[in-house]
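I opened the file today to look up charged contacts and the sheet. My notes follow in the order I made them.

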Amino acid sequence: MQQRLDLVLGELEDPRLQGLWVQRVLPQPGGRSLLVQVVDSSGGSLGGILERLGAVRGRLREQIAAAIHRKRTPQLHFMVLPAVVVLADEDGEP
């Protein structure tokens, strides 16, 4: 699902969503929804990005429905994270 959503986000012609990539998709308790964590590398307004993601939620759910074989397509909830680069050595120390 992560790859499918990442691909669809890249195909959208919305400039406010162009700097996003899907970091992970986590099932939520009960199995009726998914938390989609996206990373914003553009430095845009997190509130504005959440608003745009809400506007394309239906299209993203269609892609999830095509990828899974379940009776009901999970609801999508979004978390937008700013891009942060941390260089660490093998021990995990910055």
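Entry 1: charged pairs.

With which residue does Arg16 form a salt bridge? I found Asp14 as the partner, with the closest N and O atoms 3.5 Å apart. I note at the start that the model is predicted.

I then searched the whole structure for salt bridges and got 2. Side chains of opposite charge can pair when their charged atoms come close. Besides the contact with Arg16, Asp14 meets the side chain of Arg52 in a salt bridge, at 2.5 Å from N to O. I looked up where these two residues sit: Asp14 is in the loop between helix 1 (2-11) and strand 1, and Arg52 is in helix 2. They are 38 residues apart, so I wrote the pair down as a link between distant parts of the chain. Through shared partners, Asp14, Arg16 and Arg52 form one network of salt bridges.

Is Asp14 buried or exposed? I read 9% relative accessibility for Asp14, which is under the 20% cut-off, so Asp14 counts as buried.

I traced an open sheet of 3 strands in the order 1-2-3, and the pairing is mixed. Which strands stand at the edges? They are strand 1 (20-27) and strand 3 (75-82). Each has a single partner strand, so one side of each is left without a neighbour in the sheet.

Entry 2: strands 1 and 2.

I checked the pairing of strand 1 with strand 2 (residues 33-40) and found it antiparallel, over 7 bridges. Within this pair, Leu26 stands opposite Leu35 in strand 2. The two strands form a hairpin, and I put down 5 residues between them. In the turn, Gly30 has a positive phi of about 95°.

Entry 3: helix 2 against the sheet.

Which strands does helix 2 touch? Helix 2 (residues 46-55) packs on the sheet and touches strand 1, strand 2 and strand 3. I recorded about 155° between the direction of helix 2 and that of strand 3.

Definitions and conventions:
Residues are numbered from 1 along each chain as its sequence is written. This is a predicted model: local features need pLDDT of at least 70, side-chain atom pairs count only at pLDDT 80 or more; totals for chains, interfaces and linings use all residues. Side-chain values use heavy atoms; hydrogens and water are left out. Two strands pair if DSSP finds at least two bridges between them. Helices (H or I, at least four residues) and strands (E, at least two) are DSSP runs, numbered from the N terminus. Contact means heavy atoms within 4.5 Å. Axes are lines fitted to C-alpha atoms, for helices over the stretch in contact, and angles run from 0 to 180 degrees between N-to-C directions. A salt bridge is a side-chain nitrogen of Lys or Arg within 4 Å of a carboxyl oxygen of Asp or Glu. Buried means under 20% relative accessible area, exposed over 50%, partly exposed in between (1.4 Å probe, protein chains only).
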